[in-house]
Amino acid sequence: MNKLKRRKFLQYSTAIAAGSIVGSIPSIAFGSNFPSRKMQAYIPTRAGGGADRNFRAFSGVWSKHLGIKFEPKFYPGASGRVGYETYMDKASDDCHDLIFGNMGPEVLNWVVKKPTFDLNAYKYFIQVDADPGSIFISTKSKMKTVEDVIAEGKKRTLTVATSRLAHPASLGILVLAQKTGMKINLIPLSGGKNTRNGVLTGETDLGVLPSTTVMKRKGLNVIGLFDEKNVLKKKMPNAILVNTEYKLGLPPLPAGARAFGIKTSAIEKHPERYKKLINSAKKVFTDEAYKKAVVKSKAPLEFISEGYEKECKAYVENITKVGQEYRSLLSG
Amino acid sequence: MENDLEIFFSLINNTLEYWWVIIPATILGIVVGAIPGFSAANTIIVLLPLTLSMGPEAGMIFMVAIYTSSRLGAGIPAVLVNIPGTAGAAATPLDGYPMSKRGEGQKALSISFTSSVLGGLLTTILALILIPWLSQVAYYLHSVEMIVIMLFGISLIATISSQDTLKGLIAGLFGLMIGYIGADVVYEIPRGTFGFLELYDKVPLVPALVGLFAISEAFVVIDRKMVTIQSQEKNIVHSWQQTFNGIKITLIRWKHVIWTSILGLIIGVIPGAGAAIASFVAYQQSKNFSKTPELYGTGHPEGLIAPESSNNGVTSGTLIPLLIIGVPGGATAAIMAVVLEYHGVQFGPDIFETNPMLGYGPFVAMGITYIILGFLIMPLTRYFSNVLLIPTKYIAPLIIVFTLVGSFVPRAYVFDIYVAIVFGIIGYIARKTGYHVAAILIGVILGPMLENFFLRALRISQGDLTTLFSSSLGNTLWILLIISLFVPSLKKYFSKQK
Amino acid sequence: MDVFMSLKSKNSRQQDSKNVLPDLIIPTLALIFTIYYLTTITEAPWIAQASAIVVGSILILLIVIFFAKTFFMVRKEKEVVSFTNLNLDKTTTIKRLILLILTLCFTVFLEILGFTLSAIIFLFFAIILLSSLKNWKNALIISLSCSLMGYFIFIYIFNTQFPRGVFENFIERIQDGK
């Protein structure tokens with residue numbers, strides 16, 4: 001039934017928007033009454049996935065502060081490439097069209113293979129969460145700790161399930177392997193579920209994924225986090241902090257770092273609208289309704305991470321730097 | 001065990017909350033089942049926009065209810081006018097029609113319904129009990145085994161469903177190649193996309209389905225003037241006595257119902273072998289073991305019970321491989337796969353733990369549908385004699401309109417409508433020249449999976465092809481695959497020799 | 001399953017005429033597509049090529065066998081080479097082509113006019129095409145009632161993601177107005 005309601009909301013907003021495009025042309029000239037039409041979010045993954053849930057939780061509350069509904073448009077495919085290309089190609093630069101993606105894997109993707117558009121043509125400006133990458137094993141595995149894994153990895157090549165090659169979690173384990181001298185073979189299984197199953201069936205020795213998708217799963221044990229603190233000790237009691245423990249020298253690079261992005265041309269054309277977007281988004285993080293929405297979306301509150309242009313820029317720069325360093329390994 | 005029962009009852013409760021889906025779907029299923037050539041699969045496709053908007057649980061229950069009840073509906077014209085409503089009821093007229101010619105149409109219908117409901121209910125319960133064990137098997141399947149299972153599925157569907165093995169295999173493999181369109185999971189290189197960004201993420205399944213089944217059907221159907229059932233009113237003597245008599249006759253033969261329905265369940269699990277095969281096998285076996293084989297074909301109750309309870313056994317069997325490993329057992333299951341995939345449901349053994357409502361739910365819904373059918377259809381036996389006429393000049397355009405829009409719904413790309421039209425043309429030619437659209441569709445569904453497993457296996461073995469023959473379970477499956485491919489031609493050869 | 005089983009009987013009926021050329025259309029399409037596909041993966045690392053090459057070459061092999069088989073059948077004069085099998089009679093063929101064109105027009109209109117209006121137009125002309133001009137009253141009634149019913153069920157009640165246009169937005173605005 002939720003689905004029904006969701007669609008109802010969606011459609012309702014579509015119609016309002018479509019109907020108001022014509023009427024809104026003069027108001028664009030004044031620029032004061034932004035937003036003049038419904039906001040559109042291009043999402044480069046599937047409907048019903050993690051990004052979708054995340055987006056709904058945030059945009060539901062944001063629309064209250066911005067005074068207009070959000071409509072998500074899903075363009076899955078080729079690790080987000082389809083969504084970004086479509087956004088750069090079709091979205092307008094009047095600040096009504098945003099992109100909502102996961103900075104980590106998507107920026108790494110550009111490092112591995114340049115997109116057709118200019119990378120400076122868009123900018124992330126509101127980060128909503130930070131989910132550390134995790135190392136996990138099957139509870140049936142002989143290895144029990146990261147130490148065991150490294151010891152075993154020095155004897156033979158370990159197979160490591162991951163969602164995709166160009167992913168912060170893959171990056172983490174690659175760096176760990178290089179620092180400790182263990183041998184790994186990354187197996188991209190596309191998607192959290194396949195990755196978990198790869199470990200559950202014993203087809204791969206271990207797996208790496210953003211921690212939300214693995215913690216509390218039956219038969220799986222999170223043994224390490226690529227982070228500097230474990231904010232969810234309750235749910236991942238066995239996880240050690242790999243970054244500090246093994247002195248990886250990595251900046252904190254959460255594997256899940258979802259953020260809204262916008263065309264830079266839109267910011268240049270309408271700085272006042274851009275400001276309004278940020279100011280209204282700030283109110284979301286202090287709104288109790290947002291916390292409720294996050295809980296409802298089954299994401300841990302601990303992973304909410306408020307960030308703006310500066311934080312996003314730092315993240316993108318960091319991941320690009322590390323990604324470039326390990327570029328050859330990330331492309332298979 | 002107590003815990004299991006608790007889950008079971010909460011599942012029933014949960015499913016019953018969808019009564020507003022089950023009851024209309026059941027009635028609709030009976031009606032469409034009774035229209036020859038208008039199967040459950042077609043109906044589900046026409047109503048796709050509705051199904052997609054319902055959410056996975058309601059959508060699945062809706063499809064299961066239509067699928068289940070159309071099986072029973074298909075028996076009606078089979079018994080009354082010697083035209084099976086769907087291929088699954090192809091063996092039903094053998095003894096059903098002689099009975100109604102004798103003026104015992106209502107009794108025949110009653111036998112057919114009772115054995116269907118009992119057989120269906122029994123196998124559904126059996127499936128529910130077996131699934132926790134069966135699903136454990138999936139945890140032992142690595143990519144190598146999965147590759148062979150996929151190939152097995154596609155070759156079985158291709159060979160069993162076609163009178164020409166070669167054509168069947170060409171259709172299935174063509175489907176696989178189409179399913180390979182898109183960017184690969186490891187290197188993300190776009191392949192076979194004709195340069196369309198819209199095809200990066202595989203061929204969209206709903207448009208493929210709509211094109212292959214519905215659009216092509218609309219273009220085929222205009223050859224005929226009507227999609228009809230002609231009724232022969234005189235065959236029906238309205239009396240409750242016949243109905244009760246039929247129920248009694250069936251209940252006395254409960255052993256017969258049990259073993260033929262279990263036979264159906266087993267055949268249903270095998271990809272490609274569906275209701276039509278099950279009903280003929282059951283009919284033949286029941287005749288072989290009968291003390292009175294000479295009565296078969298003259299209106300013998302057992303000759304009616306066997307096909308009806310076995311083809312209803314297939315109904316639950318065909319869902320088992322779909323839910324456990326994501327390989328659809330037949331056309332209707334393939335359509336369900338498409339709908340569930342749209343909702344982001346991922347199949348696999350853990351579906352029964354993480355989402356019992358989707359894992360066990362279909363079987364519970366099926367059981368409930370059978371119970372509803374039991375109460376609903378008996379009184380209705382009296383009214384089924386009316387003529388059903390649907391002129392194709394209306395039905396063909398309607399199919400086109402609603403299914404094309406249905407192909408737009410999942411992604412809201414107009415591009416997808418053109419995809420559906422292209423598949424419609426392919427499907428039309430395929431149908432007209434003896435290639436199976438279902439084989440193509442299942443190829444399109446299995447293609448990406450096969451390719452993923454292939455890539456995974458090679459990646460794990462670091463490019464060593466011999467990994468494909470490295471597991472004993474896998475090798476056993478390979479041998480079975482080869483046998484299954486050659487048995488039909490050997491059989492042909494030997495029968496020619498005779 | 002039912003679908004293709006019933007198909008089988010349909011097809012076997014058609015097999016009575018022994019024209020084989022139409023039977024070659026699907027293999028030819030499959031062949032062209034497979035070759036095209038293989039040309040798009042030449043840049044990929046070989047493990048990404050492997051499955052397509054394996055399946056593709058089996059398919060090509062099967063198609064070659066099929067062509068050879070057909071060729072020998074024709075030489076034995078068991079079968080006739082012609083296209084008549086596909087098209088049963090001329091008028092239905094023309095009707096079918098026009099229906100296809102109408103279908104394409106419907107798709108184009110969908111983007112501009114939305115579901116309801118394009119459905120009315122398409123259904124009206126398609127029904128007239130398949131019956132006759134005399135039938136225009138029935139065609140009008142059916143196209144109007146079915147399209148509006150479709151609008152009501154799918155868009156109004158279930159809010160399905162149907163293409164929207166002038167009509168849908170008009171109704172929506174009236175509702176908003178209240």
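## Chain B and its neighbours

The contact between chains B and A takes 26 residues from chain B and 31 residues from chain A. On the chain B side, the biggest giver is helix α22 (residues 437-460), with 4 residues. By class, that side of chain B splits into 11 nonpolar, 10 polar and 5 charged residues. Keep in mind that this is a predicted model.

Chain B also touches chain C: here 73 residues of chain B are in contact with 68 residues of chain C. Six helices of chain C, α1 (2-14), α2 (25-40), α3 (46-75), α4 (90-113), α5 (115-130) and α6 (136-157), each supply at least two residues to the side that touches chain B. Of these, α3(C) gives the most, with 13 residues.

Now for the inside of chain B, beginning with a helix pair. Two packed helices are described by the angle between their axes and the distance between the axes. For α5 (residues 56-81) and α7 (residues 105-138) of chain B, the axes come within 10 Å and cross at roughly 155°. That angle is over 145 degrees, so α5(B) and α7(B) count as roughly antiparallel to each other. The crossing is right-handed. From α5(B), the residues at the contact are T68(B), R71(B), L72(B), G75(B), I76(B), V79(B) and L80(B). They meet G105(B), A108(B), L109(B), S112(B), F113(B), S116(B) and G120(B) in α7(B). Sorted by class, this contact has 7 nonpolar, 6 polar and 1 charged residues.

R71(B) turns up again among the residues touched by N311(B), which sits in helix α14 (residues 301-317) of chain B. Is N311(B) buried or exposed? It counts as buried, because it has 39 C-beta neighbours inside 10 Å. Leaving out residues up to four places away in sequence, N311(B) also touches G88(B), A89(B), G264(B), A275(B), A278(B) and S279(B). With G264(B), the sequence separation is 47 residues, yet the C-alpha atoms are 5.8 Å apart.

Last comes helix α2 (residues 19-34) of chain B, which has 16 residues. From first C-alpha to last, α2(B) reaches 23 Å, close to the 22 Å expected at 1.5 Å a residue. Its buried residues are V21(B), I22(B), A25(B), T26(B), G29(B), I30(B), V32(B), G33(B) and A34(B).

Conventions:
Residues numbered from 1 in each chain as written. Chains lettered and ligands numbered in written order. Predicted model: local features only at pLDDT ≥ 70, side-chain atom pairs only at ≥ 80, totals over all residues. Expected span 1.5 Å × (residues − 1). Buried ≥ 20, exposed ≤ 12 C-beta atoms within 10 Å, placed from the backbone. Contact = placed C-beta atoms within 7 Å. Nonpolar A, V, L, I, M, F, W, Y, C, P; charged D, E, K, R; others polar. Axes fitted to C-alpha atoms, helices over the stretch in contact; angles between N-to-C directions. Parallel < 35°, antiparallel > 145°, perpendicular 65-115°, else oblique. Left-handed = near helix turned anticlockwise from the far one by under 90°.
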